[in-house]
Amino acid sequence: MRSAFAVGLHRKEAMNIFGEAEKSVRRNLWRTLFVLDRFLSTSLGRPTAIRESDCSGDTLLTGERAPFPQAPFPTAANASFTSPNAVGLEASVRSCHVVGVILEKVYSQRKISTKLAQEIADDCKGWPKALDPSLNHNQAHSASPSRGIAILHVNLLHCHSLILLTRPFFLFLMKKKYTNPEDVSQRIHVSRMEKFAVACVVASNQTIALVQSARDSGYLSQRNPFVL
């Protein structure tokens, strides 16, 4: 990541000397590092190494379309902008943006409120509609191995972002029920948290279903860090 910063992958201005194909490869590389950074921060509890405020132009923007059908040199992620790798990367960046917000506003502060959780959840509502139809989890059972892995990664990241956001409410209610099983004095307050706790369980079940589908289809890697 430090090397990427050094060669200016995070700055749009540093790409002006390159052709369109090279620009696309550099953007794909930077976005891949962005996803890796958020994944490692979440998994290992480390501070993020990439701040979105340090990026300029369209280096992390999603929704772009390449001005060329194919790169002039062999690059799997750039061979077709409509390939599972390309659209999967775009969706992963959107999920990792949400993960970064959750890490900054919830876990780094070590506190959360239902109001803050609702604000973040509202930002996540458009994710399913923005997802390319080819990456819908319902298509996982009939997908090719390459598209199946893209579907798995993309949807797991989305589920994981939901779990990160809602898990504190789930754990709070579990502890409250265990320590004070007969206490109903704060029922109104608790009910505001219940929908987030339920969302945590739903996202967890969806995670299991996604992995099971990939296993049944025969393309689940034995050492896939995103799955583990």
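Helix H2, which runs over residues 20-44, has 25 residues and reaches 36 Å from its first C-alpha to its last, close to the 36 Å expected at 1.5 Å a residue, where the expected span is 1.5 Å times one less than the number of residues. Just after H2, Gly45 takes a positive phi of about 75°. Helices here are DSSP runs of H or I with at least four residues, strands are runs of E with at least two, and both are numbered from the N terminus.

This is a predicted model, in which local features need a pLDDT of at least 70 and side-chain atom pairs count only at pLDDT 80 or more, whereas totals for chains, interfaces and linings use all residues. Residues are numbered from 1 along each chain as its sequence is written, and side-chain values use heavy atoms, with hydrogens and water left out.

The pLDDT, the predictor's confidence in each residue from 0 to 100, averages 84 over the protein chain, and 86% of the residues score at least 70. Over residues 63-80 the pLDDT is below 50, and this stretch has 34 contacts in the model beyond near neighbours in sequence, a contact being heavy atoms within 4.5 Å.

The protein chain has seven helices and zero strands. Of its 228 residues, 39% are buried; buried means under 20% relative accessible area, exposed over 50%, and partly exposed in between, with a 1.4 Å probe and protein chains only.

A nonpolar core is a set of buried Ala, Val, Leu, Ile, Met, Phe, Trp, Tyr and Cys residues joined through side-chain atoms within 4.5 Å. The largest such core has 17 residues, of which Leu131, Leu135, Leu152 and Val154 touch the most other members. Helices H3, H6 and H7 are the elements that give two or more residues to this core, and H6 gives the most, with six residues.

Aromatic pairs are rings of Phe, Tyr and Trp (its six-membered ring) with centres within 6.5 Å; planes under 30 degrees apart count as stacked, over 60 as edge-to-face and the rest as tilted.

| Pair | Centre to centre | Angle between planes |
|---|---|---|
| Phe39 and Phe226 | 4.4 Å | 25° |
| Phe169 and Phe196 | 4.9 Å | 25° |

Phe39 lies in helix H2 and Phe226 in the segment after H7, so their pair ties together parts that are 187 residues apart in sequence. Phe39 is buried, with a relative accessible area of 15%, while Phe226 is partly exposed, at 26%. Phe169 and Phe196 are both buried.
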